[in-house]
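Here are a few exercises to work through with the model open beside you. Try each task before reading its solution.

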Amino acid sequence: MLSRTLRWSILAMVSAFPAAAQTIDDALMMPKRTLSTGVLYAHESWDQYWEGTLKRTNGNIGTLTTQSLTSMVGYGITDRLGLIATLPYIWTRASQGVLNDMSGFQDLTLAAKFRLLTSGPTSAFIVGTAAVPVSDYTPDFYPLSIGTGGGRTSARLTLNLQSNSAWFVNASSAYTFCANVRLNRNSYYTNGQLYMTNEVAMPNVLNNTFSAGIDRGRWRIPLSLTQQHTLGGGDIRRQDMPFVSNRMDFVKLDGGVMYSLPGNLAVQLGAGHVLSGRNVGQSTTFTSGLFYALHL
C-alpha cells in the first residue's frame, strides 16, 4: 500500500472522482485514467471439513481460523482495458492441538481485464491473470499453510446482462493452470502412490460463478454461487493431514453490499458459506473493505 505521505501527495494533484471498484470476475470497468485503491479484510473459520467425501471434526485442529488483509489496486488504461493487482497478508490459527500458527504475505496477483463487446444490455469480458508467491512460505503444512507455494495463470470469460432497471446477472468461468510445487523433503505419498522426488504436479482448476443483484445509484448488492472443480489430485487419507495437491472442490454462496460514500470512498461488507465440498473446510467468511477512486 502507498505510504500516508505519498497518498496525500497524490490526492493533492488529482481531481475528485466518484468511488468505484472492479474485481477479476465482475462486469465492472474502471473508466479511463481512473485509479482505484483499497483494502479488504476477511475472517474465515471452520470446525468441520470433508476428508474426501466424509464430513468430520478433528480434535487436533478444533476451529481453524484464517484472517487476511488484502491490498488492491486497479487502473483504467482505457474505457475497455483495465489492470488489477492484489496482495494478501494471511494469518492462520488452530484453536486446539499443537499445530503452529502461520502468517505472511501470500501471492501477488496481476490481471488484465478487457471488455470484448457491448450489445444492448449484454456485455462480454475476458481476463488474463498471473499469480506468484512473494514470500518463502511452506505449502507442506495444510490446513495451516497460507497457500500452495506455486505460480498460477488463468483465463476467464464473463458475460453480463444489465437490465434497464437496477437488476443485473453475471456468468463467469475461469480455467487455471497451476505450476508444479517443490517441497522441503525428498519424497511424499499421495493418492495411493509413493513419489521419490520433492516436486509435486499440481492439478489445474475450473471455477464457475453465477451472480445476480442490484446495481443502482450508490448501491451495488450482489448474490453469487461459486463452484470450484479440481481437475485431478487425490483425497485426504484417513486420519492424515491434507496435502497440497489434494482435490479441493466446493460450492459456495456469497452475498454482499457496496455503498459509495461522498468524497470518492466506497465501503463493502460481505458474507459467504461453503455449502458442500471435498477435502475443504465448511467455512463461513465475513469480509469488509474500504476503497478510494480518483481520476488522474
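Strands (E, at least two residues) and helices (H or I, at least four) are DSSP runs, numbered from the N terminus. This is a predicted model, in which local features need pLDDT of at least 70 and side-chain atom pairs count only at pLDDT 80 or more, while totals for chains, interfaces and linings use all residues. Residues are numbered from 1 along each chain as its sequence is written, and side-chain values use heavy atoms, without hydrogens and water.

**Exercise 1.** Decide whether Leu116 is buried, partly exposed or exposed.

Solution. Leu116 sits in strand E8. Buried means under 20% relative accessible area, exposed over 50%, and partly exposed in between (1.4 Å probe, protein chains only). Leu116 is partly exposed because its relative accessibility is 37%.

**Exercise 2.** List what Leu183 touches, leaving aside neighbours within four places in sequence.

Solution. Count a contact when heavy atoms lie within 4.5 Å. The partners of Leu183 are then Pro139, Asp140, Tyr188, Asn198, Val200, Phe243 and Val244.

**Exercise 3.** Say how far to trust residues 1–20.

Solution. The protein chain has a mean of 90, with 93% of residues at 70 or more. Over residues 1–20, however, pLDDT is below 50. Where pLDDT is low, the predicted coordinates should not be read in detail.

Note on methods: pLDDT is the predictor's confidence in each residue, from 0 to 100.
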